[in-house]
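Hi,

Here is the structure for you to look over. My notes on the ligand site and the chain follow below it.

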Amino acid sequence: WPAGGRAGAGVLTMGGTEENVSMGVAEANRLWEAGLSVLRRLADHGFQAYIVGGCVRDRALGRPFHDVDIATSARPEEVMGIFERAIPTGLKHGTVTVVHDGAAMEVTTFRTEFGYSDGRRPDAIVFVGTIEEDLARRDFTVNAMAAGLDGKLVDPFGGMEDLRRRVIRCVGDADARFSEDALRMVRAIRFASVLGFRLAKSVWRGIRRQAPRLKNVAMERIGAEWDKMMAGPHPERGLGLLARSGLLAHLKEPLPAAAFVCGGQESGAFRKFLPLHQMEDKDVRWAAFLAGTKASPEEAGLVFRALRFSGARQERIESAVAFARRMDPAQDREAFIDAVLDLGLPAAEDWLAAVAEPEPYRAWLRQMGVYAIGDLAVRGDELARSLNRRPGPWVGRLLRRLLKEAAAGRTANTRETLLSLAAEIVEETE
Ligand code: ATP
Ligand code: MG
């Protein structure tokens with residue numbers, strides 16, 4: 001079966017230069033070898049074992065991967081006994097993390113799952129005897145393949161054929177699989193987006209019918225899938241599918257309306273931005289997407305909070321969206337400098353990384369030389385002392401004024417020039 005197959009333009013991941021991809025593939029090959037070595041050790045003890053799931057799919061596509069998962073007939077305690085370095089990370093689910101040949105791998109006992117009464121996780125898991133039964137619990141055909149030691153591929157659901165046809169299809173009946181675990185609907189869109197695949201008709205119909213079940217799913221898990229989608233090579237595709245799927249209307253927690261306007265990238269405001277996949281940084285993509293929907297900074301922040309992204313990311317997105325808003329419609333140099341000083345250099349850089357035509361803004365930004373009060377060659381206490389006045393709120397205002405003058409190139413950023421300019425300004429305003 002094809003190992004390290006095509007690595008064509010369509011499979012480049014974020015920041016995917018040819019070099020990055022081939023480095024990623026070399027790393028993936030090393031992980032794969034470590035996985036085979038675990039299979040060999042388990043086989044020597046009389047157990048069946050296979051490499052399974054995402055890495056089998058990615059290897060067949062020639063895509064780099066970072067995790068190798070193994071399924072085995074050995075019970076967790078048997079796995080613990082066989083490997084020197086084994087950590088019981090998920091015994092409830094039959095999972096042991098094994099560190100072997102310098103790689104950490106999840107080794108999980110063949111299992112099936114039962115009774116999804118809450119629509120998000122099984123009530124019970126049961127160990128089973130064969131890899132085929134284990135593969136049957138998995139979500140999509142392309143994720144339900146296993147590679148054995150002899151190079152043999154176990155592919156009971158036609159995953160390889162679906163990889164060739166570039167289609168996401170459920171293992172079994174789509175409606176049934178989505179009602180077991182509603183997150184799978186979002187995963188279907190994530191995989192279609194990241195891999196550049198289409199959704200099988202049955203999957204699309206299943207999503208349209210089962211969408212209301214999404215209310216059972218934790219927002220954090222939806223955020224994780226959405227975030228992977230944004231980082232992939234075809235985020236616009238995923239956003240369009242999400243919008244048309246109707247899923248966003250059925251989230252456990254509503255998102256501000258702006259986030260519903262996915263997939264409008266061809267229209268109006270989006271023209272000023274690069275296509276999302278040409279932006280290196282995932283959060284720059286998020287900012288451009290949300291700014292393009294005309295979300296306010298507060299709404300962008302709410303989207304991030306609802307999806308349980310970190311406070312640091314939330315602040316970053318709010319500033320970048322605020323910056324985009326300040327620059328729409330296009331602004332002159334003075335207004336640009338004000339925006340940088342109000343919202344900060346990182347926000348300006350995020351916006352510049354998103355726009356199709358960064359000049360002359362990039363040059364203006366470089367020429368500024370000072371971006372925050374801390375970059376000035378004088379401190380507030382020095383100002384107060386030199387002007388012989390009691391410190392007060394005037395100091396901050398004066399520093400801000402000096403900052404603007406220095407950033408605009410109307411004064412040099414040296415102690416003496418700033419102090420004399422400060423004296424002039426104070427005199428003028430009295
Ligand atoms: P990636 O790691 O690139 O995001 P992946 O396919 O490895 O993709 P994981 O979330 O790591 O995805 O899951 C590993 C495997 O476990 C999947 O390939 C799939 O076989 C199975 N799986 C994961 N989540 C589900 C689910 N919600 N329902 C059914 N099977 C699942
Ligand atoms: Mg994985």
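Two helices, α2 (54-61) and α7 (183-195), each supply at least two residues of the shell around ligand 1. Of these, α7 gives the most, with four residues. Please keep in mind that this is a predicted model.

The shell holds 13 residues. Closest to ligand 1 are R57, D181, R184, R190 and K228. By class, the shell splits into nine charged residues, three polar and one nonpolar.

R57 places a polar side-chain atom 2.8 Å from an oxygen atom of ligand 1. R190 also has a polar side-chain atom 2.8 Å from an oxygen atom of the ligand. G54 takes part through its backbone: an N or O atom there lies 3.3 Å from a ligand oxygen. How much of ligand 1 does the protein bury? Taken alone, the ligand exposes 590 Å², and the protein buries 75% of that.

Now the chain as a whole. It has 19 helices and 11 strands. The C-alpha atoms fill a box of roughly 90 × 50 × 40 Å along the principal axes. The chain runs to 430 residues, and 52% of them count as buried.

One last item, on contacts. Among those with a separation of 6 or more, 66% join residues 24 or more positions apart.

Best wishes

Terms used: Residues are numbered from 1 along each chain as its sequence is written. Chains are lettered from A and ligands numbered from 1 in the order in which they are written. This is a predicted model: local features need pLDDT of at least 70, side-chain atom pairs count only at pLDDT 80 or more; totals for chains, interfaces and linings use all residues. Side-chain values use heavy atoms; hydrogens and water are left out. A residue is near a molecule or strand if one of its heavy atoms lies within 4 Å of it. A polar contact is a pair of N or O atoms within 3.5 Å; within protein, one must be able to donate a hydrogen and the other to accept it, and residues adjacent in sequence count only if both atoms are side-chain atoms. Accessible areas come from the Shrake-Rupley method with a 1.4 Å probe; for residues, only the protein chains shown count as cover. Ala, Val, Leu, Ile, Met, Phe, Trp, Tyr, Cys and Pro count as nonpolar, Asp, Glu, Lys and Arg as charged, and the others, Gly among them, as polar. Buried means under 20% relative accessible area, exposed over 50%, partly exposed in between (1.4 Å probe, protein chains only). Contact means heavy atoms within 4.5 Å.
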